[in-house]
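Work through the exercises below with the sequence and the 3D view at hand. Try each task before reading its solution.

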Amino acid sequence: MTKSKKYRRKMRRKRILKFILFILILSFAYLFIFKTDIFHIQNIQVIGNKKMTNDEILKASTYMKGENIFKISKKRGEENLERLPYIKEAKVNRKLPKSIIIHVEEREEVAIIPYIGAFVYIDEEGNILSIKEKIDQETLPQIFGIELVEVAPGENLFNGEKRQAYREFITLSKQSNLLKLMKYINLYDDNNIKIELIDGIKVAFGPLDNVKYKLSFLYEIIKDMEKKEVTVKQIFLNKGDNPIVVTED
């Protein structure tokens with residue numbers, strides 16, 4: 001047998017031995033990971049939830065203690081959680097060897113819409129978060145004038161070109177810290193939006209144009225009113241470029 005043939009045979013044996021060793025390592029790794037309880041989930045931690053309970057989130061995620069940590073699907077769990085009306089974003093992480101951490105970002109209730117004997121709670125984007133028989137958030141403004149037909153949690157009320165203006169108004173009002181000062185928002189007439197503040201001041205907002213400009217004016221008026229300790233009855237933002245303020249005097 002020539003040297004070259006011996007060399008080729010030797011190399012072939014080495015390759016076979018390496019392949020067998022590789023298979024053995026894979027087999028032991030599989031048995032270690034999936035056939036022992038080393039990686040069985042013992043702890044599931046939820047972070048970021050205030051409105052929803054841990055149990056509600058765990059149930060929606062479908063994760064269970066005792067299952068193998070490598071057999072769960074992070075993507076499917078995140079998708080399941082983000083189907084919940086109150087969950088805006090979810091992120092699932094494995095913490096080896098036995099823990100799962102679920103990070104959630106919840107949607108915030110910002111307004112209430114009366115609806116045939118009940119109350120629809122929405123976030124600033126118009127997503128319906130829940131429908132309740134009673135008001136349990138007295139500090140949230142009530143919105144009138146949005147037509148509701150067979151609504152359900154998870155739907156969005158601000159879809160469509162016309163209602164994009166509602167989204168902008170709510171979002172900018174929240175960002176400017178004015179939304180929490182509003183008690184009622186009347187949207188029955190798009191050309192004559194009316195607002196009542198929690199201290200009884202009535203605001204004629206006019207149409208939903210130049211919203212950011214009008215809200216900044218309203219904020220400055222309220223700020224100046226508090227500084228000067230002036231009692232205001234009405235504020236007109238629909239009478240030209242400059243607002244009109246009616247005081248008790």
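**Exercise 1.** In which helix does Ile20 lie?

Solution. Some ground rules come before the steps. The model is predicted, and local features need pLDDT of at least 70, side-chain atom pairs count only at pLDDT 80 or more, and totals for chains, interfaces and linings use all residues. Residues are numbered from 1 along each chain as its sequence is written, and side-chain values use heavy atoms, with hydrogens and water left out.

Step 1. Ile20 lies in helix H1, residues 3–34. Helices (H or I, at least four residues) and strands (E, at least two) are DSSP runs, numbered from the N terminus.

Step 2. With a relative accessible area of 42%, Ile20 is partly exposed. Buried means under 20% relative accessible area, exposed over 50%, and partly exposed in between (1.4 Å probe, protein chains only).

**Exercise 2.** State which residues make up the nonpolar core with 39 residues that have the most contacts inside it, and find what surrounds Met182.

Solution. Step 1. A nonpolar core is a set of buried Ala, Val, Leu, Ile, Met, Phe, Trp, Tyr and Cys residues joined through side-chain atoms within 4.5 Å. In the largest one, of 39 residues, those with the most contacts are Ile122, Ile143, Phe169, Met182 and Phe205.

Step 2. Elements giving two or more residues to this core include strand E4 (111–115), helix H4 (164–175), strand E8 (182–186) and helix H5 (211–228). The largest share, 6 residues, comes from H5.

Step 3. Leaving aside neighbours within four places in sequence, Met182 is in contact (heavy atoms within 4.5 Å) with residues including Pro141, Phe169, Ile195 and Leu215.

**Exercise 3.** Locate Arg107 and list some of its contacts.

Solution. Step 1. Arg107 is found in the loop between strand E3 (99–106) and E4.

Step 2. Apart from neighbours within four places in sequence, the contacts of Arg107 include Tyr86, Lys88, Asp123 and Glu125.

Step 3. Between Arg107 and Gly154 there are 47 residues in sequence and 11 Å in space, C-alpha to C-alpha.

**Exercise 4.** Compare the radius of gyration of the protein with that of a compact globule of 249 residues.

Solution. Step 1. The radius of gyration is taken over C-alpha atoms, and the globule rule is 2.2 Å times the number of residues to the power 0.38.

Step 2. A compact globule of 249 residues would have a value near 18 Å, but the protein has 30 Å.

Step 3. The C-alpha trace spans about 115 × 40 × 40 Å along its principal axes.

Step 4. Of the 249 residues, 35% count as buried.
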